[in-house]
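Please keep the sequence and the model in view while reading.

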Amino acid sequence: MVFRGIITDAPDFDPSTDAETLYNAMKGMGSDKEAILDLVTSRSNAQRQEIIAAYKCNFGQDLIEDLKYELTGKFERLIVSLMRTPAYHDAKEIHDALKGAGTNEKCLIEVMASRNNQQVQDMVAAYKDAYGSDIEEDIIADTSGHFKKMLIVLLQGTRDESGVVDADLVEQDAQDLYAAGEEQWGTDEAKFIMILGNRSKTHLHMVFDAYEKIAETTIEDSIKNELSGDFERLMLAVVQCVRSVPMFYAKRLYKSMKGLGTADNTLIRIMISRSEIDMLDIRECFRLLYEKSLYNMIKDDTSGDYKRTLLNLCGGDDDLAGEFFPEAAQIAYKMWEISAMTKVQLRPSLRPALNCDPAADAQALRKAMKGFGTDEDAIIDIIAQRSNAQRQEIRQTFKSLLGRDLMKDLKSELSKNLERLIIGLMLTPAEFDAKMMKKAMEGAGTDEHALIEILVTRSNDEILAMNAAYQNGYKKSMEEAIHSDTSGLFCRILVSLAQGAREEGHADEERAIADAQELADACNADSDDMENKFMSILCTRSFPHLRKVFQEFVRYSNKDIEQIIKKEMSGDVKNAFYAIVRSVKNQPSYFADRLYKAMKGLGTDDRALIRIMVSRSEIDLFNIRKEFKETHDVSLHEFIQVETMIGDTSGDYRKTLLMLCGGED
């Protein structure tokens with residue numbers, strides 16, 4: 001195994017000298033924390049164990065106890081944890097996850113899914129030595145169901161690590177997994193546990209590839225569809241660790257730091273346990289997945305001596321780097337390959353109502369708005385539970401039966417965000433998109449993010465319908481409006497997308513290789529030539545074709561297309577190209593990120609929130625919900641509930657959004 005850690009054995013190591021340095025740093029009034037953290041983070045774990053022994057021999061004191069006495073808070077936890085052996089550190093993490101009133105399932109999942117056989121066996125022995133109890137018995141007592149069974153399987157530390165692969169068994173396992181889940185009503189969880197808990201990683205890699213061909217979906221998507229709760233999360237973690245342990249940890253680190261608070265126990269555990277193993281690869285995967293380096297995220301999210309220690313364990317700022325390390329390049333290539341192979345079944349959150357009666361709905365809406373006061377609940381219950389096609393029938397029937405314009409009545413009875421949301425639902429998709437484009441360009445400022453989001457994510461037919469609705473509604477072509485409100489290359493990108501003429505169909509492999517080569521060559525040209533070449537390919541090729549182009553781009557340049565865009569471009573041009581790449585890779589994930597950004601922080605971008613919830617509710621909002629939960633560790637339903645409370649005194653706006661969302665996940 002090739003270790004790609006940051007912390008290695010210090011040269012010219014003398015444990016007695018180091019023990020004396022630490023003793024002097026802690027004696028007298030106060031402690032020299034900088035001396036402590038610099039020494040501890042520049043020695044390997046094996047060397048730290050020698051320092052502990054030398055400290056006791058030379059000074060008759062326990063180094064860990066002295067560190068606990070002198071240091072405080074998160075900094076103390078981090079330094080003391082660095083002094084434990086990996087096995088005893090893992091044992092303590094599992095013990096802490098099990099003790100007390102609640103169980104920390106996320107810690108159990110992370111540790112058990114990612115350790116190899118020897119690490120598991122060492123942890124089991126260390127647990128018995130440190131706590132005088134059997135780790136298996138404690139896990140059995142504190143967990144239940146299939147989650148417990150899979151933990152116990154992993155706890156045996158007997159996964160096949162031979163690396164030998166039987167091609168016939170690969171096909172059999174892939175077929176068995178398909179038969180255990182997607183092919184039947186109900187799920188045979190035992191089959192998933194047996195195969196994912198025992199087969200070698202090399203074997204499972206091939207099983208997952210074979211499974212995708214049989215099921216026409218990834219094993220991850222099948223697990224999400226077939227399993228639930230902590231068992232689902234554990235099995236997904238096992239699959240992620242089979243595919244790439246560094247990628248698994250990059251995602252865990254991101255989740256530990258994003259949002260309002262930092263999950264310091266998770267951050268500490270990962271930074272310590274991986275610092276001598278694969279931190280370089282984790283950093284690269286982090287850079288591949290997110291918009292900043294791990295170094296800068298730690299720097300922005302922590303403080304003081306705690307921050308300095310973590311940065312020493314991290315080891316470097318990858319925002320300054322260019323090319324991938326070999327493993328990260330392979331991961332990037334594989335990610336695009338999976339993206340290209342996966343056939344995502346788009347699932348709406350809102351479906352047509354059964355036995356819909358447009359006349360009855362029209363009468364009920366009129367009753368809700370007639371007289372003194374408005375029955376908002378009645379309006380919401382009808383409009384938020386009908387498909388757009390059904391709403392158009394209601395709109396027409398309202399005028400036929402009552403001689404009134406439903407849209408005008410709704411506007412006069414409702415106000416603020418509730419009015420905007422309900423009116424948005426009543427428009428046709430083309431009218432709504434046209435209105436959102438108009439709103440993004442009117443007034444003093446331009447909402448470039450909205451223009452990008454709409455034009456990048458709509459199909460050719462949707463863009464053509466939007467153009468017609470814009471012309472009909474505003475007596476001006478959408479292209480003219482774009483020319484009036486934007487300029488330069490950004491304007492040309494939008495105009496290109498607004499033609500609704502993107503190629504459609506599958507990837508052309510030969511042409512994709514040629515396109516990838518052209519993009520790679522363009523990266524060495526001057527800025528204008530590079531951006532023009534990117535525009536000519538990214539704005540015109542089909543999404544399936546671009547997936548193949550971006551995959552081959554990694555091969556030719558040893559870089560990821562997203563990183564090139566973020567590093568070499570700026571402003572609205574960068575944002576437009578980046579949105580195309582994100583949308584090509586995983587459009588529901590792109591929308592999940594847009595929703596998160598619309599709600600996080602001090603204020604909510606209600607226009608963006610309404611735009612996405614309305615436009616995606618009948619297309620892929622269920623998929624977006626899944627991606628939101630996966631990325632942000634909180635359901636979209638819960639996030640909307642919390643983030644829209646301020647300013648929505650009646651709760652009607654929030655209620656409507658939650659009905660469109662459709663579920664808690």
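The model is predicted, so local features need pLDDT of at least 70 and side-chain atom pairs count only at pLDDT 80 or more, while totals for chains, interfaces and linings use all residues. Residues are numbered from 1 along each chain as its sequence is written, and side-chain values use heavy atoms, with hydrogens and water left out. Helices are DSSP runs (H or I, at least four residues) numbered from the N terminus.

**Helix 38**
- Helix 38 covers residues 621-632, 12 residues in total, and spans 16 Å from its first C-alpha to its last, close to the 16 Å expected at 1.5 Å a residue; the expected span is 1.5 Å times one less than the number of residues.
- Its buried residues include L621, F622 and H632, where buried means under 20% relative accessible area with a 1.4 Å probe, protein chains only.
- Helix 36 (571-599) and helix 40 (652-661) are among the elements that cover these buried residues.
- Just after helix 38, D633 takes a positive phi of about 60°.

**Helices 27 and 29**
- The axes (lines fitted to C-alpha atoms over the stretch in contact, with angles from 0 to 180 degrees between N-to-C directions) of helix 27 (residues 429-441) and helix 29 (residues 460-474) come within 8 Å and cross at roughly 65°.
- The two helices are therefore roughly perpendicular, a term for angles of 65 to 115 degrees.

**Helices 2 and 5**
- The axes of helix 2 (residues 33-40) and helix 5 (residues 73-83) come within 11 Å and cross at roughly 35°.
- K33, I36, L37 and V40 of helix 2 meet F75, I79, L82 and M83 of helix 5, contact meaning heavy atoms within 4.5 Å.

Notes. Buried < 20%, exposed > 50% of the residue type's maximum accessible area, 1.4 Å probe, protein only. Parallel < 35°, antiparallel > 145°, perpendicular 65-115°, else oblique.
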